[in-house]
Number of protein chains: 2
Amino acid sequence: MTPRILEVRKGVLKKNDELAAELRARFRAAGVFTVNLVSSPGAGKTLLLERTLAALADEGARPAALVGDPETDNDARRLARSGVPVRQIQTHGVCHLEAAMVGNNLAQWDLAGFDYLFIENVGNLVCTTSYDLGEALRVVFLAVTEGEDKPLKYPGLFNSADAAVVSKCDLAAACEFDRDAARTNLHAVRPGLPILETSGKTGTGMSEWLAYLRDRRRAFLESGKAW
Amino acid sequence: MTPRILEVRKGVLKKNDELAAELRARFRAAGVFTVNLVSSPGAGKTLLLERTLAALADEGARPAALVGDPETDNDARRLARSGVPVRQIQTHGVCHLEAAMVGNNLAQWDLAGFDYLFIENVGNLVCTTSYDLGEALRVVFLAVTEGEDKPLKYPGLFNSADAAVVSKCDLAAACEFDRDAARTNLHAVRPGLPILETSGKTGTGMSEWLAYLRDRRRAFLESGKAW
């Protein structure tokens, strides 16, 4: 990368940080707990999110979701089956979501009507790292099908996350997934990172994942009282 | 993306195109057939490449490889076990290889000593699209574990490829991979795209893949006579 593009990129990131701070203040004022889901393409974010939206709605919570992809609105149509508010962001070739895209897509929503807002980012283990979306929680997915080495190869994103979801655990045996190596690598990059093992297909780990979300939302709301 | 970053990006891509044209002329002059392998992180490029290098060396061909990752030299160490010349490019957070990185890492090699040069790109389905590396052949991987929808979501990269490798086919049944849907989606984005179905683990499809490489290299050398 040339110095010139680096300089311009810094300006873009500064602008994004300012917009993300505004979003964070709006989420805080509305009491909506916002979660940014990041991963490689095809790590199973959409399926886990589909189950998460349905489970939260079933227990009386009010979730919503924004879903980013370079093209197609397949994921939004799929998630909308859960009956909760969902909106697709098509980035048209941009490899990550930006705070401005999130802001533009919130225009017609009353945030105070939501308890949770999930933002499913574009599948990308590098460029999503630097773009704050105003989220309270950043969750990085590591599918067992991808290999245990990904945290070491892409340390920036894994280091920026608040929690890791090890996904597609139903395929762990077929992939000869080395669970200990994955945990060691995750913690080498981000010591103490909470790790949740899940399968969107079988439902394994869903109750722990939902309990984790409830707990983090509670902490978010409590910290807001002093905020 | 703002107009300003777009403008600078155009300048960077123009510079990359110029460097890629120089590389392409060098590869042509040396008679080395260069293949750019692109995919999501964890799609199985390294394992298939490991087997490919060993098989080509076994039949008396002279392959070499450059391998890109944001961090670590794990893949180069792994590929070097095949005994062929391998060099790691650590991009340090850059999400794709660029022609300049390739050029810098060729300095100590005599290209005329190679028949094939494989360039394993950083795992990324978006940003790798626009960076020509001077390759004669661009091969995009779609792992069966990623889902059949990826060509539709990331059409830019799939459209830019000369061939698709459907990888990790040993996991197709476990993933309930819909082969027909994947082929339909690949051809929707790039009509007529050759599709090779492989498993680096079991070796399925290796002979077809190697035959395809030999055939494309032969066509490359023959076109060079008139060039």
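## A buried lysine at the chain boundary

At 5% relative accessibility, A:K153 counts as buried, where buried means under 20% relative accessible area, exposed over 50%, and partly exposed in between (1.4 Å probe, protein chains only). This is a predicted model, in which local features need pLDDT of at least 70 and side-chain atom pairs count only at pLDDT 80 or more, while totals for chains, interfaces and linings use all residues. Residues are numbered from 1 along each chain as its sequence is written, chains are lettered from A and ligands numbered from 1 in the order in which they are written, and side-chain values use heavy atoms, with hydrogens and water left out.

A:K153 forms a salt bridge with B:D69, the closest N and O atoms being 3.7 Å apart; a salt bridge is a side-chain nitrogen of Lys or Arg within 4 Å of a carboxyl oxygen of Asp or Glu. Because A:K153 lies in helix 5 (residues 150-153) of chain A and B:D69 in strand 2 (residues 63-69) of chain B, the pair joins two chains. Helices (H or I, at least four residues) and strands (E, at least two) are DSSP runs, numbered from the N terminus.

## Salt bridges within chain A

Over all chains, the structure holds 36 salt bridges. One of them links A:E18 to A:K14, with the closest N and O atoms 3.3 Å apart. Both residues belong to helix 1 (residues 3-30) of chain A, where they are four residues apart, about one turn of the helix. A:E18 is partly exposed at 39% relative accessibility, whereas A:K14 is exposed at 54%.

A further salt bridge is formed by the side chains of A:R183 and A:E197 (3.5 Å, N to O). A:R183 lies in helix 7 (residues 179-189) and A:E197 in strand 7 (residues 195-197) of chain A, so the pair ties together parts that are 14 residues apart in sequence. A:R183 is partly exposed, with a relative accessible area of 27%, and A:E197 is partly exposed at 26%.

## The interface of chains A and B

The contact, meaning heavy atoms within 4.5 Å, takes 41 residues from chain A and 41 residues from chain B. Between chain A and chain B there are six salt bridges. One salt bridge joins the side chains of B:K201 and A:E176 (3.0 Å, N to O). Helix 1, helix 3 (74-80) and helix 5 of chain A each supply at least two residues of the side of chain A that touches chain B. The largest share of that side, six residues, comes from helix 1 of chain A.

The size of an interface is often given as the accessible area lost when the parts come together. Here the area buried between chain A and chain B is about 3,200 Å², of which carbon and sulfur atoms give 62%; buried area is the accessible area (1.4 Å probe) that two parts lose on being put together, summed over both.

## Strand 2 of chain B

Strand 2 of chain B, which contains B:D69, is mostly covered: seven of its seven residues are buried. B:P63, B:A65, B:V67 and B:D69 point one way from the strand, and B:A64, B:L66 and B:G68 the other way. In a regular strand the side chains alternate between the two faces of the sheet.

Strand 2 pairs in the parallel sense with strand 4 (residues 116-120) of chain B over five bridges; two strands pair if DSSP finds at least two bridges between them. In this pairing, B:A65 stands opposite B:F118. Strand 2 also pairs in the parallel sense with strand 3 (residues 86-90) of chain B over five bridges, and B:V67 stands opposite B:Q88 in strand 3.
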